[in-house]
Amino acid sequence: NGDAGVINVEWVSAVLKKLNELLQGHLGREPRFTVRSAMGPQSSGKSTILRVMYGCPLRTSPGRCTRGINCFLVPCRREAPPGEGESPYDYIFCLDTEGLCSPENIGLSPAE
């Protein structure tokens, strides 16, 4: 969460392994991913660009700030228009991150 300032690596790893198992069962093979992330200063439009580019269901408005990291799995369209070729990926894994240099975090030590 955005308040803890730490990531439970074991939990994240277990969730991603389960996601991979579910998608492998759905596709009948190992899923192919690409990862897209937006990082930058607070209120610089990271959530907006992911919402517009990839259709992630992120609520955006002036003054609204992301807390922690939000993850979204976006299916890729496998059939491309003639002459463009097929996408090499099954899914785009989008990561929307909390803004860097948040005013409320300035002056805190890394452990806080």
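Tutor: Leaving aside residues up to four places away in sequence, Cys76 touches Ser87, Tyr89, Asp90, Tyr91 and Ile92, where contact means heavy atoms within 4.5 Å. This is a predicted model, in which local features need pLDDT of at least 70, side-chain atom pairs count only at pLDDT 80 or more, and totals for chains, interfaces and linings use all residues. Residues are numbered from 1 along each chain as its sequence is written, and side-chain values use heavy atoms, with hydrogens and water left out.

Cys76 has a relative accessible area of 17% and is buried; buried means under 20% relative accessible area, exposed over 50%, and partly exposed in between, with a 1.4 Å probe and protein chains only. Cys94 is also buried, at 0% relative accessibility.

Helices (H or I, at least four residues) and strands (E, at least two) are DSSP runs, numbered from the N terminus.

Strand β3 covers residues 91-97 and pairs with β2 in the antiparallel sense over seven bridges; two strands pair if DSSP finds at least two bridges between them. Within this pairing, Leu73 stands opposite Phe93, and Asn70 has Asp96 as its bridge partner. Strand β1 runs parallel to β3, and six bridges join them. Here Ala38 stands opposite Asp96. Six of the seven residues of β3 are buried, so this strand is largely enclosed by the rest of the structure.

Thr34 lies in strand β1 and is buried, with a relative accessible area of 11%. Not counting residues up to four places away in sequence, Thr34 touches Tyr89, Tyr91, Ile92 and Phe93.

The three strands form an open sheet in the order β1-β3-β2, with mixed pairing. The edge strands, each pairing on one side only, are β1 (33-38) and β2 (69-75). Neighbouring strands are turned by 20° against each other on average, direction ignored. Axes are lines fitted to C-alpha atoms, for helices over the stretch in contact, and angles run from 0 to 180 degrees between N-to-C directions.

Helix α1 (residues 9-27) lies across β1, β2 and β3, and runs at about 155° to β3. Helix α2 (residues 46-54) packs on the sheet and touches β1, β2 and β3, its direction making about 160° with that of β3. From the N terminus on, the elements of the protein run α-β-α-β-β.

Finally, the confidence of the model should be considered. The mean pLDDT of the protein is 74, and 65% of its residues reach 70 or more; pLDDT is the predictor's confidence in each residue, from 0 to 100. Among the elements, α1 has the highest mean pLDDT (90) and α2 the lowest (74). Where pLDDT is low, the predicted coordinates should not be read in detail.
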